Structures are given as C-alpha cells and as structure tokens.
Amino acid sequence: MNKQEKLKKISIGVEDFKEIIEKDGYFVDKTLMIKELIESNAKVTLFTRPRRFGKTLNQFMIRRFFEDERTEKGEKVDNGYLFDGLKIAECGEEILKHQQQYPVIFLSLKSAKQDDYQTAYACLIDEICKEFQRHSYVLQNEMPVRSREIFERIALGRGSKEEYAKALGFLSECLAKYHGHNTIILIDEYDVPLENAYLHGFYDNMIGFIRSLFESALKTNPYLEKGVITGCLRISKESIFTGLNNLENDSVLRTRYADSFGFTEAEVEAMLAYYGLQQELAEVKEWYDGYLFANTEIYNPWSILKYVNDRKDHVTAFALPYWSNTSSNSIVREMVGE
C-alpha cells in the first residue's frame, strides 16, 4: 500500500460492527456468514465458540445487515453503506434482497453476573426493557388496547413475571405486525446467566426463567424469521432448548461456519502484511495458532488484534499471552475439580 495512506485503526474491545466501519477500523470480513445463514434450512442456530472469538461482533454484523432499523419516531435508518466493498455485497440479488428488510430483536444476557437470583433477574429484565424501548415506535400504529398496555408496562419495567417470561415472543409479534415481515431474534452470551447461577447456587430459578423466555421466542413462534444464539457453553442439563426441533447446534467440532469465528491463516497473513509485520508470521503462528474448527486452522482473534496493535506501535518487541487473563474459567475449574 501507499506509505502516505493512513492505516486503519485496530479496534480493541469494540463490539458493534457499525462503530468499527464508521470509525475506519480494520475489519476482518466475515460477512459471508450472512449468506450461509440466509441459505440455511435451520430456523434457529446456536453457535458455541471460545470467549473473545468475535461472537458479539458477528451478532452486531448480522443485525446491521438484516434490520429495518427505525428511530423513536419510526423514521428509517439506512445502514446499507456499512457493507459497501465487503464480500456480501458481491453475492447477488437473491442475497441482497434480504438487506434491511426485517425487524430485529437483539438481546445480550452478559449483564446477569450477580451473586443472587433477584439481582441477576433484575439485570435481565432491564435488558428486556431497553429492547422494548428501542422498538417503542410500534406504539405509533394502531394496536389492541391490551397489547399496548402490556408493551408499555414492559418498556417501563412494570411488567409481571409472566409478561417478562413471554416478552420476546410478544415483542416479535408486535414488530412483525408493524413491519410486515417476521422478526429475526439474536441472543448473545445466552449461557452467562446460567453459568453464573450454577456457580452461585440458584441455577434452578434461573433455568426456569430462561427456558420460558426462549420458548416464547424460538419455539412455535409464528412471527420468527430466524434466530441466532451465541455463547461459550452448550447447556445440556435440563436443556433450555428441549422441544426446539428447528435448532442447529454449530460447535468447534461440528460446524458449517468454520471460518466465521476467529481468523484463518490467510486473514492473519493479510493483517500482518497490511501493518508491515509480515516477517512476524512464524512467531504469531507459534503463539496464537491453537485451534482447529472442523478441518480449518484458526487463530485466536483477540490475541492477534492485541499483538498487531502493540507491535505496529512498538509497544513491545515480543509476543504476550493476551488471551489467558481476559475472563474467568470458574466453571471449567469446578468441573475438573470434581
């Protein structure tokens, strides 16, 4: 590249795809994942991947592609430009006709990390309330009086336990009727409240609420277009996915999306070359090439981003174990200890 050209920034810890693109960040193009989702027969796909492997970023990317986003006043927000020059833009009309056509529910469960059920539950309710508030423009349309009252109660945090338990299914219905298209439901870090509840002794309470929440959204929901769920762990005991016959479980061992999470060797080589660090490939391979997703060699993306960011700015002259201290492995230690 031209030495006078300004290098793209490396966005550390930025989770929203839109922010990376708008602030001229370096983006490893994973947009073909969207094509795979469109062409998939699965109604709901659960992706389990290690922490810091781009799960949340991919969820934001999916949202920005599909969402017919509206302001509080119901005005359209155009996010089409975000995908200019990316691989998905070259996939033809059959794929691009889905762009910005659907209402999207986006819910992250990562805030539920408290020591007791009441506080963890309250944090989940707060996230649900915020998503209702984000879609409050639907109240501009005519609605049955009861539906309007339920929507307003949930948005204000005054709903009943039963209303919160069915909130995602109810919101998807409201959105589908407003937009004229079924709803795409994205749930990120679904396993966080369950892992936390297990470690702090209130798993039975939490699994009951999460199961009800998910069933309303993903099981026999006529207003569901597609669902995408991401997390680190596959919850099997008293599974929250019981009876969900349309679920595709995509893991590191059994995957149709091997290169959608983490960086391939070609992507790592391209990034190193872009920042003038191509001579460091051997060191990078030795330190961060530790995964095989199906038959695809994958590099740890968090470590690669931190490494390149430090080396390009001459912060350090050698590799570091960036990934090892990014979060707790409490549940792994407990299982091994048993």
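Residues are described as buried when their relative accessible area is under 20%, as exposed when it is over 50%, and as partly exposed in between (1.4 Å probe, protein chains only). The structure is a predicted model, in which local features need pLDDT of at least 70 and side-chain atom pairs count only at pLDDT 80 or more, whereas totals for chains, interfaces and linings use all residues. Residues are numbered from 1 along each chain as its sequence is written, and side-chain values use heavy atoms, with hydrogens and water left out.

By the above criterion, R70 and D68 are both buried. These two residues form a salt bridge whose closest N and O atoms are 2.9 Å apart, a salt bridge being a side-chain nitrogen of Lys or Arg within 4 Å of a carboxyl oxygen of Asp or Glu. A further salt bridge is found between E280 and R311, with an N to O distance of 3.2 Å. This pair links distant parts of the chain, 31 residues apart: E280 lies in the loop between α11 (265-274) and α12 (281-288), and R311 belongs to helix α13 (residues 301-312). Helices (H or I, at least four residues) and strands (E, at least two) are DSSP runs, numbered from the N terminus. Both E280 and R311 are buried. One network, joined by salt bridges that share partners, comprises D16, R63, R64, E67, E69, E131 and R134. K23 and E19 also form a salt bridge, at 3.3 Å between the closest N and O atoms; E19 counts as partly exposed because its relative accessibility is 33%. In total, the structure holds 27 salt bridges.

Five strands make up an open sheet with parallel pairing, in the order β2-β3-β4-β1-β5; two strands are taken to pair if DSSP finds at least two bridges between them. Strand β1 (residues 44-48) runs parallel to β5 and is joined to it by four bridges, with L46 standing opposite N249 in β5. Helix α3 (residues 55-66) packs on the sheet and touches β2, β3 (183-188) and β4 (224-231), its direction making about 165° with that of β3. Axes are lines fitted to C-alpha atoms, for helices over the stretch in contact, and angles run from 0 to 180 degrees between N-to-C directions; contact means heavy atoms within 4.5 Å.

The largest nonpolar core has 51 residues, and Y190, F209 and F214 have the most contacts inside it. Such a core is a set of buried Ala, Val, Leu, Ile, Met, Phe, Trp, Tyr and Cys residues joined through side-chain atoms within 4.5 Å. Helix α10 (residues 203-218) gives the most to this core, with nine residues. When neighbours within four places in sequence are left aside, F214 is in contact with L109, I187, Y190, K219, I240 and F241. Another core, of 27 residues, lies apart from the largest one and includes L57, M61, L86 and F106.

The structure holds zero disulfides, a disulfide being a pair of cysteine sulfur atoms within 2.5 Å. For C123, the nearest cysteine sulfur is that of C129, 11 Å away. C123 counts as partly exposed, because its relative accessibility is 21%. The sulfur of C232 lies 19 Å from the closest cysteine sulfur, in C123, which is too far for a bond. C232 likewise counts as partly exposed, at 36% relative accessibility.
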